Amino acid sequence: MHGSVTDRDSIVLTREDYIRYEERASALGGIIQAKMMTSHMLFVGFSLSDDNFFRIADTVKKSLPENSVFGTSLQLPHTPMQSEIWKNQLDFVNFSETKNPYIPYSARRMYIWLDYLCAITSSENTPIMDPRFKSVCSPGQNELREKIETFMASLSVNATETIEFQKLKDVIESFRPPVNSHRRSTA
């Protein structure tokens, strides 16, 4: 939340930059706040010690029922102080082991776990029905998309009003990316 090397104007360097940071980042803060109130957030590689984040989290804490956990933090070295500070607000997953607290080893364990998490939560369907993915689809997948689109467009109104058509349409829609998947996630 303190700038990006690819956007020099976003970098916070002076006290004045820090004071004005909240003005510039209020929209981002609002999005994060809304996500924390409506979703279970996963924090990866975040120290949880940023003052701006504390303000956002405090507002969320006041708005939610007591002892509402709004996220999970993945940690490489176990930090008991963080666990105590965020008690009843965040759950913690510790990837370091007492027998091998070596950070690169812990980081590798976290990487494998995140890869597994992505695998089990991702759809197995390729979004072949979205023309934006044409360049990464095989020639057979592109042909299939074109044939399906032609078929669907050729149906009469009577055919599209049947229960069977709706079921077929639902299956075809499962091969499209979710709505708004083209938007970048900021949380």
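Which helix holds Arg 145? Arg 145 sits in helix H5, residues 139–154. Helices (H or I, at least four residues) and strands (E, at least two) are DSSP runs, numbered from the N terminus.

This is a predicted model: local features need pLDDT of at least 70, side-chain atom pairs count only at pLDDT 80 or more, and totals for chains, interfaces and linings use all residues. Residues are numbered from 1 along each chain as its sequence is written, and side-chain values use heavy atoms, without hydrogens and water.

**The sheet**

Three strands form an open sheet in the order E1-E2-E3, with parallel pairing. Two strands pair if DSSP finds at least two bridges between them. E1 and E3 stand at the edges with a single partner strand each, so one side of each has no neighbour in the sheet. E1 and E2 are joined by 4 bridges. Leu 42 has Thr 72 in E2 as its bridge partner.

| Strand | Residues |
|---|---|
| E1 | 41–44 |
| E2 | 71–75 |
| E3 | 90–94 |

**The cores**

A nonpolar core is a set of buried Ala, Val, Leu, Ile, Met, Phe, Trp, Tyr and Cys residues joined through side-chain atoms within 4.5 Å. Buried means under 20% relative accessible area, exposed over 50%, partly exposed in between (1.4 Å probe, protein chains only). The largest core has 13 residues; Met 36, Phe 53, Phe 70 and Trp 86 touch the most other members. H1 (15–38), E1 and H2 (51–63) each give two or more residues to this core. H2 gives the most, with 4 residues. Apart from this core lies another, of 7 residues, including Cys 137 and Ile 148.
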